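Hi there,

Here is the model I said I would pass on.

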Amino acid sequence: MNQAELQKLVEEISLRYFHAPFKHEVKINNRMTTTGGRYFLKDHHIDINGHFLDKKYYADLVGIIKHELTHYHLHLAGRGYQHRNRDFKNLLAAVGGSRYTPDIGLRRRQNRNYIYECKNCHFQYPRVRKVNTKKYRCGKCGRRLTLIRKNK
Ligand SMILES: [Zn+2]
Ligand SMILES: [Zn+2]
């Protein structure tokens, strides 16, 4: 799928599910790793992670586009466009947008510089950045985490 086809798809999804036109630009971003898309408040354009333009991720792509269009339309309407807002949650659910970036293995390619482990249940937490172990506890058992590997 190229730029023009993606633009057309976003415009179609906007009309069909939001009953309002998408009048701005959608750009392909191949540097994105952990997110499927991003809406820009300043100029109202949308970035879509180029990895999702492959045919086999079509259903994921539609979910991502719906998610970004939910930000777009609520923001332009002056309503709650942030993830935590009730407006956002309601509209996202109504159009069937994705809540999270679908996992297609992009996360694993990212450098995980720090690996933390729970000394109680031994669950590991690879992280890109340093974590404040005084604040963040194990998500499974609630105990403290210990840094066991540092790659940089
Ligand atoms: Zn979002
Ligand atoms: Zn634990």
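**The zinc sites and what surrounds them**

Donors here are N, O and S atoms within 2.8 Å of the metal (3.2 Å for Na, K and Ca), and since water is not among the atoms, sites may look incomplete. This is a predicted model, in which local features need pLDDT of at least 70 and side-chain atom pairs count only at pLDDT 80 or more, while totals for chains, interfaces and linings use all residues. Residues are numbered from 1 along each chain as its sequence is written, chains are lettered from A and ligands numbered from 1 in the order in which they are written, and side-chain values use heavy atoms, with hydrogens and water left out.

For reference, the ideal angle for four tetrahedral donors is 109.5 degrees. Helices (H or I, at least four residues) and strands (E, at least two) are DSSP runs, numbered from the N terminus. Cys118 counts as buried because its relative accessibility is 0%, whereas Cys141, at 31%, is partly exposed. The cut-offs are under 20% relative accessible area for buried, over 50% for exposed and in between for partly exposed (1.4 Å probe, protein chains only).

The zinc ion (ligand 1) has His67 (NE2), His71 (NE2) and His83 (NE2) as its protein donors, lying 2.0 to 2.1 Å from it. Their spacing in sequence is H-x3-H-x11-H. His67 and His71 are about one helical turn apart because they are separated by four residues in helix α2 (residues 58-76). Both of these histidines are buried.

What else does His71 contact, leaving aside its neighbours within four places in sequence? The list is Tyr39, Tyr81, His83 and Phe88, where contact means heavy atoms within 4.5 Å. The His71 side chain also reaches the backbone oxygen of Tyr81 at 2.7 Å. Thr70, found in helix α2 too, is buried with a relative accessible area of 0%. Not counting residues up to four places away in sequence, Thr70 touches Phe18, Phe88, Leu91, Leu92 and Val95.

On to the packing. The largest nonpolar core has 21 residues, and Leu6, Ile46, Ile48, Leu61, Ile65 and Leu69 have the most contacts inside it. Such a core is a set of buried Ala, Val, Leu, Ile, Met, Phe, Trp, Tyr and Cys residues joined through side-chain atoms within 4.5 Å. At least two residues of this core come from each of α1 (3-18), β3 (46-49) and α2, with α2 giving the most, six residues. Another core lies apart from it and has six residues, among them Tyr116, Cys118, Tyr125 and Leu145.

Finally, the chain is divided into domain 1 (3-102) and domain 2 (111-150), with bounds from an automatic or database domain assignment. Their centres, taken over C-alpha atoms, are separated by 32 Å.

Best wishes

Note on methods. Polar contact = N/O pair within 3.5 Å; in protein donor to acceptor, adjacent residues only side chain to side chain.
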